[in-house]
Amino acid sequence: MAMTLIAEIHQAQTRLPFLSRAERGALIMRILRELKTLRQEVLGNVPADRCVWIDRLIASVSSTISEIVTMQDAEFNRVLNEFEKLMATLHNISRPEKSSRTVH
């Protein structure tokens, strides 16, 4: 699901000047839902004191959605870039590494 969201972020970035506040808000809500899912699925077994950063991020995004969607295009684009990087990182750590060679 994170990879689909990353594709949606890319698409939104190309259409940024044409996105309505409602579309921006819907995208931020999708990002927020994905962050909550990844928090549970990827970091669910990590001690809570080591996950304060993502819990704070989720709380911050939740409480500032209206400010985020009204940002200037360049600022909103930077926010999307950071969410994209975070989603990619969390997606990568959530997938077990596959060995590139077979041991005989």
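How are α2 and α3 oriented to each other, roughly parallel or roughly antiparallel? They are roughly antiparallel (angle over 145 degrees). This is a predicted model, in which local features need pLDDT of at least 70, side-chain atom pairs count only at pLDDT 80 or more, and totals for chains, interfaces and linings use all residues. Residues are numbered from 1 along each chain as its sequence is written, and side-chain values use heavy atoms, with hydrogens and water left out.

**Overall make-up**

- The protein has 5 helices and 0 strands; these are DSSP runs, numbered from the N terminus, with helices being H or I of at least four residues and strands being E of at least two.
- Along the sequence the pattern reads α-α-α-α-α.
- Of the 104 residues, 35% are buried, meaning under 20% relative accessible area with a 1.4 Å probe, protein chains only.
- Take the contacts (heavy atoms within 4.5 Å) between residues at least 6 apart in sequence: 72% join residues at least 24 apart.

**α2 against α3**

- The two helices pack at an angle of about 155°, with axes 10 Å apart.
- Axes are lines fitted to C-alpha atoms over the stretch in contact, and angles run from 0 to 180 degrees between N-to-C directions.
- α2 passes α3 in a left-handed crossing: the near helix is turned anticlockwise from the far one by less than a right angle.
- From α2 come I28, L32, L35, K36 and R39; from α3 come I54, D55, L57, I58, V61 and S62.
- By class, this contact of α2 with α3 holds 7 nonpolar, 1 polar and 3 charged residues.
- Nonpolar covers Ala, Val, Leu, Ile, Met, Phe, Trp, Tyr, Cys and Pro; charged covers Asp, Glu, Lys and Arg; the others, Gly among them, are polar.

**α3 against α5**

- α3 (residues 52-63) and α5 (residues 73-94) pack at about 140°, with axes 14 Å apart.
- α3 passes α5 in a left-handed crossing.
- W53, I54, L57 and V61 of α3 meet F83, L86 and L90 of α5.
- That contact of α3 with α5 has 7 nonpolar, no polar and no charged residues.

**Nonpolar core**

- The largest nonpolar core has 27 residues; such a core is a set of buried Ala, Val, Leu, Ile, Met, Phe, Trp, Tyr and Cys residues joined through side-chain atoms within 4.5 Å.
- I28, I31, L35, L80 and F83 have the most contacts inside it.
- α1 (2-14), α2 (21-41), α3, α4 (65-69) and α5 each give two or more residues to this core.
- α5 gives the most, with 7 residues.
- Beyond its neighbours within four places in sequence, F83 is in contact with I9, I28, I31, L35, L57 and V61.

Methods:
Buried means under 20% relative accessible area, exposed over 50%, partly exposed in between (1.4 Å probe, protein chains only). Angles under 35 degrees count as roughly parallel, over 145 as roughly antiparallel, 65 to 115 as roughly perpendicular and the rest as oblique.
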